[in-house]
Amino acid sequence: MAVGARSGHDEPEKRADEATGDGVTGDDVTGDGVPHDEAEDRPKGPKKQRSFWKELPLLVGIALVLALLIKTFLVQAFSIPSESMMNTLQKGDRVLVDKLTPWFGSEPERGEVVVFHDPGGWLEGQQAPKPNVVQKFLSFIGLMPSAEEKDLIKRVIAVGGDTVSCKEGGKVVLNGVALDETSYLYPGSVPCQDSFGPIKVPEGRIWVMGDNRQNSLDSRFHQQLPGGGTVSDDEVVGRAVVIAWPVTRWATLPVPDIFDQPALNQAMAAAPLGAAGLAGALPLVLWRRKKRTAGHTAE
């Protein structure tokens, strides 16, 4: 009886071993066919990491591509080479220029400080410093102010459709409104030392002037060139939005309040209406004159 009881307990244990084993040795195995005990005993070494020096060129390449994209589509640094925009901008200042909004159809507006390519002949005869190879490369990717010396920076005074003029010693008149420019003109500077205008700015062009009027070769001095001193919107690189360097000069470049006057737009709108009224009245005047002439002839 004792032997029979022992045999009855041994058979289920054997069946359990067969169910959980590998059918040959009776050992449990891992998913790859390696016994659990051997898998646990196998040493697990650290993951091999890529060398920093091998990753460095990739990181530098990514940084250069990002810098180039930012310089091309977002913002670009420019260095101020002259005193024509004092005191708003001083010689040696670095400004950041917004190049993004023009991609979405934004056009220059009155009062903005803009950077634009030389329309042709504005910088003729001026000596430009020659940057070295490193400066050229860094300016190309936007990590240094632009080495392109064919760019200018001025304030937009009038846009397409505006009429601008100034009498010697007087104020600049825009669409019939005299501008009070004391908030940004260089102290002691007069709005214009020589008379000009009235000039009707063609559509798609702008009239620009420096804040240091007595030391700025702007639209006033290039009226003999194609465009009559105006600059095409297509030549505008973008709007200068902030002085980034030196840090002691950090400041934004907002549009002065005088350019927000509703009267400027109302005056511009009144001109086409007046012209339309004149055109409509002209046939009536001619008809009345013809009728009077006929009456005198009949007498």
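Of the 299 residues in the protein, 30% are buried, where buried means under 20% relative accessible area, exposed means over 50%, and partly exposed lies in between (1.4 Å probe, protein chains only). The model is a predicted one, in which local features need pLDDT of at least 70 and side-chain atom pairs count only at pLDDT 80 or more, while totals for chains, interfaces and linings use all residues. Residues are numbered from 1 along each chain as its sequence is written, and side-chain values use heavy atoms, with hydrogens and water left out.

**Overall composition**

- The secondary structure comprises five helices and 12 strands; these are DSSP runs numbered from the N terminus, helices being H or I with at least four residues and strands being E with at least two.
- The protein has an accessible surface of about 19,400 Å², and carbon and sulfur atoms account for 59% of it; such areas come from the Shrake-Rupley method with a 1.4 Å probe, and for residues only the protein chains shown count as cover.
- Among contacts with a separation of 6 or more, 70% are between residues 24 or more positions apart, a contact being heavy atoms within 4.5 Å.

- Strand 3 runs antiparallel to strand 4, with five bridges between them; V113 has R155 in strand 4 as its bridge partner.
- Strand 3 is also joined to strand 11 by three bridges, again in an antiparallel arrangement, and F116 stands opposite V236 in strand 11.
- An open sheet is formed by four strands in the order 7-6-5-8, with antiparallel pairing; two strands pair if DSSP finds at least two bridges between them.
- The edges of this sheet are strand 7 and strand 8, each of which has a single partner strand, so one side of each lacks a neighbour in the sheet.
- Within the sheet, three bridges connect the antiparallel strands 5 and 6, and C166 has V172 in strand 6 as its bridge partner.

**Nonpolar cores and a surface patch**

- The largest nonpolar core contains 19 residues, and those with the most contacts inside it are I157, V164, V172, L179, F196 and W207. A nonpolar core is a set of buried Ala, Val, Leu, Ile, Met, Phe, Trp, Tyr and Cys residues joined through side-chain atoms within 4.5 Å.
- Two or more residues of this core come from each of strand 4 (151-159), strand 5 (163-166), strand 6 (172-174), strand 8 and strand 9.
- A second, separate core has 13 residues, including V95, V97, I153 and V237.
- Beyond its neighbours within four places in sequence, I157 has contacts that include R110, V164, V172, W207 and F259.
- On the surface, L74, V75, L100 and F104 make up a nonpolar patch with about 360 Å² of accessible area together. Patches consist of residues with over 30% relative accessible area and no salt bridge, with like charges joined within 9 Å and nonpolar side chains (Val, Leu, Ile, Met, Phe, Trp, Tyr) within 5 Å.
- V75 belongs to strand 1 (residues 75-79) and is partly exposed, with a relative accessible area of 33%.

**Salt bridges**

- There are six salt bridges in the structure, each defined as a side-chain nitrogen of Lys or Arg within 4 Å of a carboxyl oxygen of Asp or Glu.
- E112 counts as buried at 10% relative accessibility, whereas R239 is partly exposed at 25%.
- Another joins R213 and E181 (2.7 Å, N to O); the two residues sit in separate loops, so the pair ties together parts that are 32 residues apart in sequence. Both R213 and E181 are buried.
- D218 and R220 also form a salt bridge, with their closest N and O atoms 2.7 Å apart. D218 is buried with a relative accessible area of 0%, and R220 counts as buried at 10%.

- R249 is located in the loop between strand 11 and strand 12 (251-252) and is partly exposed, with a relative accessible area of 22%.
- R249 and R94 are 155 residues apart in sequence, and their C-alpha atoms are 9.4 Å apart in space.
- Not counting residues up to four places away in sequence, R249 touches N87, T88, L89, Q90, D93 and I243.
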